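Please read it alongside the sequence and the coordinates.

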Amino acid sequence: MNKGILYGIGVGPGDPELMTRKAVRLIQECDIIAAPQSEGNDKTAMIIAEEFVKDKPVLYCDMPMTRDQAKMDASHDQAADDICALLDEGKNVVFLTLGDPTIYSTYWYVHRRVLARGYDAQLIPGVPSFCAAAAAAGVALVEGSEMLHVIPASHTSTDEGLGMPGTKVLMKAGRSILDVREKLRADGKLAGSVLVERATMQEERVVKNLDELEDPTGYFSVIIVKEEQK
């Protein structure tokens, strides 16, 4: 029996209309859908794609939102085990992931494990959240010869990243947004910053004056920091 193929599919930032034709086709053609779920039974990727999934069988993979490496490794190992068992049965599996599977994607760790075991696993790109955020804010990410830096705002690299020339995209900014705002203020970059929360989703919010924020925002928050045009 031939082994099945795993496809890691980026479902985009939230609006189902931003899913690619290839993503939709593979979802419709595959045997089984795999999708992450985290604490609180969050199944955002599945919700985005559900109109195309319909009645296909679904394997939910627990992916805890944690920095505990042992817990993360265990969840990724379990997901790889479950998916490889299906591939051994000749099933083609689609794993749904938010945005693009190559950008801070939980799926990537599963993909790497499945490949290491000798299976065929393919990456299907999706619209990244920061591209959707820039469109919602009405700004160009980069112009001319500007550089673009993608920085995880919840990590210690934020300070170093903010010092680089060009446009900065701060991802995963939610819980640390108020601290990030003060760093931007101290660096003189607050006026050129815009926050977009839940880009393309029904609850989308664009904040062009970060001083309006009184509380931390949600996980799906992106800050775009533009250099002053001279």
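## Charge pairs and overall form

Asp 77 has a relative accessibility of 34% and therefore counts as partly exposed, a class between buried (under 20% relative accessible area) and exposed (over 50%), with a 1.4 Å probe and protein chains only. The model is predicted, so that local features need pLDDT of at least 70 and side-chain atom pairs count only at pLDDT 80 or more, whereas totals for chains, interfaces and linings use all residues. Residues are numbered from 1 along each chain as its sequence is written, and side-chain values use heavy atoms, with hydrogens and water left out.

**Salt bridges**

- The structure holds eleven salt bridges, each defined as a side-chain nitrogen of Lys or Arg within 4 Å of a carboxyl oxygen of Asp or Glu.
- Asp 77 is joined by a salt bridge to Arg 113, at 2.7 Å from N to O.
- This pair links distant parts of the chain, with Arg 113 in helix H4 (residues 107-116) and Asp 77 in helix H3 (residues 69-88), 36 residues apart; helices (H or I, at least four residues) and strands (E, at least two) are DSSP runs, numbered from the N terminus.
- Arg 113 is buried, with a relative accessible area of 17%.
- Lys 226 and Glu 146 form a salt bridge whose closest N and O atoms are 3.6 Å apart.
- Because Lys 226 lies in the segment after strand S10 (221-225) and Glu 146 in the loop between H5 and S6, this pair ties together parts that are 80 residues apart in sequence.
- Lys 226 is buried, at 16% relative accessible area, while Glu 146 is partly exposed, at 22%.
- Within helix H1 (residues 21-29), Glu 29 and Arg 25 lie four residues apart, about one turn of the helix, and their side chains meet in a salt bridge of 3.0 Å, N to O.
- A network of salt bridges links Arg 181, Glu 182, Arg 185 and Asp 211.

**Overall form**

- The chain has seven helices and ten strands.
- Its radius of gyration is 19 Å, close to the 17 Å that the globule rule gives for 230 residues, so the chain is as compact as a globular protein of that length; the radius is taken over C-alpha atoms, and the rule is 2.2 Å times the number of residues to the power 0.38.
- Along its principal axes, the C-alpha trace spans about 65 × 35 × 35 Å.
- Buried residues make up 47% of the 230 residues in the chain.
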